[in-house]
Amino acid sequence: MNESFQLRVKPDARILIVEDEADSARFFSALMESEGYTAVVATDGEAAQKALTAQDEFDLVLLDLILPGISGWEVLKFIKSDPKLRYVPVVVLSALSDKASALQSLDQGAEDFITKPIDVETMLSRVRVMLRIRTLYEDLTTERFGRQQAQRTLEMRRYLSKVMGGSRKVQEVADILDNVVSTDTTVLLEGESGTGKGLLSEAIHRYSKRSEGPMVVVNCSAYPETLLSSELFGHEKGAFTGAVRRKLGRFEQAMSGTIFLDEVAEISPLTQLALLRVIQDRQFERVGGEKTINCDVRIIAATNKPLADMVSQGLFREDLYYRLNVVRIEVPALRERPEDIPFLSNYFLSQQRDRLGKGIFGFSRRSMGRLMAYSWPGNVRELRNVVEHAALMCNTDAVEMGHLPPRLTNEEEKQIKETSSGRLLDQERRLIINTLEKVDWNKYRAAQMLGIARSTLYGKINKLGIEPPDKAEPAV
């Protein structure tokens with residue numbers, strides 16, 4: 001029983017030792033490493049806070065209370081007030097043997113208190129207990145996260161099927177998102193205008209661990225080069241003419257959340273360089289400012305242009321492209337997934353029905369056939385606008401052909417005419433070939449039988465691309 005419980009101690013645990021006395025720091029470090037743990041030493045409170053906020057996580061903190069500069073009490077408060085650090089166990093080490101100090105440290109969140117000088121066996125025993133607690137916490141967190149992520153994935157798929165459809169291509173996109181939404185990975189969405197890149201960015205944010213943070217959208221093509229940097233990173237008062245006050249940029253507004261950079265291909269080379277730094281270093285400065293701001297933001301970028309081609313043409317920075325292209329999702333055009341058209345049409349119609357208060361309950365077979373046959377150059381956005389137009393025009397319980405925009409009905413008439421014209425040409429070609437075959441390809445006699453001039457027959461033969469078989473001699 002004891003052996004199986006002993007296995008609960010993390011063999012690869014990382015322990016932060018906050019101790020300003022050099023000999024004690026070396027002793028504690030060697031003791032922890034003799035047990036197979038990784039020991040990191042911070043000799044003052046400032047170094048401790050810096051180590052704790054770095055990317056590497058710690059499983060336990062051994063904390064001396066008496067430190068130069070920032071005290072151990074302040075470090076303890078820093079740890080227990082941070083949502084990401086508060087569950088890291090802290091064992092306070094202090095030469096202060098009074099009960100008041102011990103009780104105060106426990107009240108402030110410390111898990112244990114050991115008085116110096118340290119007894120080796122006592123310290124190792126306490127460390128093992130704290131690491132068992134840490135392991136149990138991680139196990140519970142992992143299990144809870146797994147359940148939560150499974151629920152989020154299911155809800156995300158339901159949302160996508162609601163706003164994009166249930167076609168195979170949409171499901172392929174959902175398969176990629178299953179592995180993306182729970183992370184902070186940068187995502188690049190590529191696809192034609194109107195395909196639903198904005199909807200996908202909303203889904204990624206809505207079902208991520210940043211869902212409680214803000215979702216900030218920036219259309220990069222909407223700002224001239226001189227203003228985009230200010231829009232993204234903010235500016236200080238007096239940074240340029242018209243900067244009458246400090247302005248927070250979109251990255252600051254998106255802190256702890258997600259920023260969606262739409263039409264990212266339109267960013268100028270200078271702003272591309274600034275964006276590259278944000279992605280690499282997670283830092284930026286406001287325009288005209290000197291203070292460096294740490295950036296805790298997830299980035300989703302979208303474009304309707306192939307960025308790889310722009311890189312090869314020297315129009316987009318290669319290093320920025322690879323930073324954005326961690327996970328690339330090609331958003332399919334609506335014409336590539338026509339099976340989604342009936343679903344989306346009725347979904348948009350239900351929205352308009354509720355908005356307009358009309359009793360419209362669907363589409364006639366002919367109008368739905370027209371929607372299915374149309375090429376949709378404007379993709380889902382165009383379909384939504386067409387349905388809105390039809391709902392406004394409709395005065396019956398179903399959308400008819402006459403309620404659709406003229407461009408759809410005109411195109412149908414054009415297709416009918418082209419089809420009819422093609423059929424007539426085919427029929428005429430067959431008639432001329434049959435007549436020529438009957439008279440052994442004598443064009444004079446064939447013209448007489450068809451009741452047309454020989455010159456007219458020659459013109460039709462050339463127009464229709466009629467040629468005699470190899471064995472036939474082209475008689476005039």
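Trainee: Is Ser268 buried or exposed?

Mentor: Ser268 is buried, because its relative accessible area is 11% and anything under 20% counts as buried. Keep in mind that this is a predicted model.

Trainee: Where is Ser268 found?

Mentor: Ser268 sits in the loop between strand 10, residues 258-262, and helix 11, residues 269-281.

Trainee: And which side chain does the side chain of Ser268 make a polar contact with?

Mentor: The partner is the side chain of Thr271, at 3.1 Å.

Trainee: Changing topic. How many residues does helix 14 have?

Mentor: Helix 14 has 16 residues, 341-356. From its first C-alpha to its last, helix 14 reaches 22 Å, close to the 22 Å expected at 1.5 Å a residue.

Trainee: Which residues of helix 14 are buried?

Mentor: The buried ones are Ile341, Leu344, Ser345, Tyr347, Phe348, Leu349 and Gln352.

Trainee: What comes just after helix 14?

Mentor: Gly357 does, and Gly357 takes a positive phi of about 70 degrees.

Trainee: Now the whole protein. How many helices and strands are there?

Mentor: The protein has 19 helices and 14 strands.

Trainee: What share of the residues is buried?

Mentor: Buried residues account for 43% of the 476 residues.

Trainee: Last one. Of the contacts between residues at least 6 apart in sequence, what share joins residues at least 24 apart?

Mentor: For those contacts, the share is 70%.

How values were computed: Residues are numbered from 1 along each chain as its sequence is written. This is a predicted model: local features need pLDDT of at least 70, side-chain atom pairs count only at pLDDT 80 or more; totals for chains, interfaces and linings use all residues. Side-chain values use heavy atoms; hydrogens and water are left out. Helices (H or I, at least four residues) and strands (E, at least two) are DSSP runs, numbered from the N terminus. Buried means under 20% relative accessible area, exposed over 50%, partly exposed in between (1.4 Å probe, protein chains only). Contact means heavy atoms within 4.5 Å. The expected span of a helix is 1.5 Å times one less than its number of residues. A polar contact is a pair of N or O atoms within 3.5 Å; within protein, one must be able to donate a hydrogen and the other to accept it, and residues adjacent in sequence count only if both atoms are side-chain atoms.
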